[in-house]
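Work through the exercises below with the sequence and the model at hand. Each task is followed by a worked solution.

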Amino acid sequence: MMNIPFVSFKPMERELDAELRQAFERVYDNSWYIGGKEDEAFEKAFAEYCHVGYCIGTGNGLDALMLSLKAMGIGQGDEVIIPSNTFIATALAVTYTGATPVFAEPDIDTFNMSPDGIEERISGKTKAIMPVHLYGQPADMDSIMEIARENHLLVVEDCAQAHGALYKGKVVGSFGDAAGFSFYPGKNLGALGDAGAAVTNREDLAEKIRALGNYGSDYKYHHIYQGNNSRLDEMQAAFLSVKLSHLNQMNVERRKIADRYLKGIHHPDIILPAVMDQVEPVWHIFGIRCGRRDELADYLSEKGIGTNKHYPIPIHLQECYRNLKGRKGDFPIAEEISETQLSLPLFYGMTAEEIQYVIDAVNQF
Ligand SMILES: *Cc1c(COP(=O)(O)O)cnc(C)c1O
């Protein structure tokens, strides 16, 4: 029997070992840890990678999203439309500003927020839409941007799972007014700790996001906002520069694994993820659906295969959002996904034998 974890960083770390150690030594030898040339170099490189004018390093992805919303002046009394099926951080970014998240249902086949559901959720209080490129597949950005334009709404892309994903040839993060990225270690571009970044083409937003993440300060000891402390530190920036230079190659590798799953998995009880036309996902997660999901997870676990559920409890039913008065049945598609979705192992360096072992195991369920 093989033993295949849900995720392993080992193959990537083996390959980048010398480069990562050099990055550590470069920073350590400099004895300069916050706000320096590593941060500057990574921000410049990542802005170029995302085809945007500005990148602002932050402490994590949640802060990148929250600071972007705050920089737009979004707060108490405002509403932001987000998908009903996403990681909790999307909602937390909204509520930290004092604004209220309003949920729009996803498409059950692509898992991404459906444009059809957005318009009916717009009210007089709506200020922004926050699409999530969930599992690494771009959301339907043409439709979402059109709805935003027609209704004079801002757009913040949650790109935490989609570094480098393409929609009609254009990279995610370059569509909205701003975008937030997470560099949590397990993301496609991961630091060796917590880290994140906001990107934007708008100079006014870039300046405000940077100030808000640096104690609300525009220059030293002069504070124009009651800001946060959320900056990208030099060590993580140095590691991220190494990893960024390998990101495209690693995303290609992920795509190959996903293609093998898509071609190889055939089971009457298992629904494979749908890929929209004209998008290139980066497969942060390979999510299948199965009515006997928990049974399938147990079965795969007995075969030595690690799986995960993204996410077992939809946000409107989370205890921390009891104040939003969500009830079971309010968002049936998000609930259906939370009850049936299962993520298979997909990580850089998975061997052909490991991939085949997963395919065979799933097919024999
Ligand atoms: C990971 C993630 C975040 C938050 O990023 P952190 O760096 O963990 O704060 C936000 N949104 C989505 C969809 C994520 O997957």
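**Exercise 1.** In this predicted model, find the salt-bridge partner of Glu339 and state how far apart the closest N and O atoms are.

Solution. Step 1: the partner is Lys328, with the closest N and O atoms 2.9 Å apart. Glu339 belongs to helix 10 (residues 332–340), while Lys328 sits in the loop between helix 9 (293–302) and helix 10, and eleven residues separate the two. Step 3: assign accessibility. Glu339 has a relative accessible area of 41% and is partly exposed. Lys328 reaches 61%, so it counts as exposed, since the cut-off for exposed is over 50%.

**Exercise 2.** Which parts of the chain does the salt bridge between Lys168 and Asp142 tie together?

Solution. Step 1: the closest N and O atoms of Lys168 and Asp142 are 2.7 Å apart. Step 2: Lys168 is in the loop between strand 6 (166–167) and strand 7 (170–171), and Asp142 is in helix 6 (residues 141–150), so the bridge connects parts 26 residues apart in sequence. Step 3: Lys168 is partly exposed at 42% relative accessibility, and Asp142 is partly exposed at 37%.

**Exercise 3.** Describe how strand 15 (residues 341–344) directs its side chains and how strand 14 is joined to strand 15.

Solution. Step 1: Gln341 and Ser343 point one way, Leu342 and Leu344 the other. Step 2: all four of these residues are buried. Step 3: strand 14 (residues 286–290) runs antiparallel to strand 15, and four bridges join them. Step 4: opposite Gln341 stands Arg289.

Terms used: Residues numbered from 1 in each chain as written. Predicted model: local features only at pLDDT ≥ 70, side-chain atom pairs only at ≥ 80, totals over all residues. Heavy atoms only, no water. Buried < 20%, exposed > 50% of the residue type's maximum accessible area, 1.4 Å probe, protein only. Pairing = 2+ DSSP bridges. Salt bridge = Lys/Arg side-chain N within 4 Å of Asp/Glu carboxyl O.
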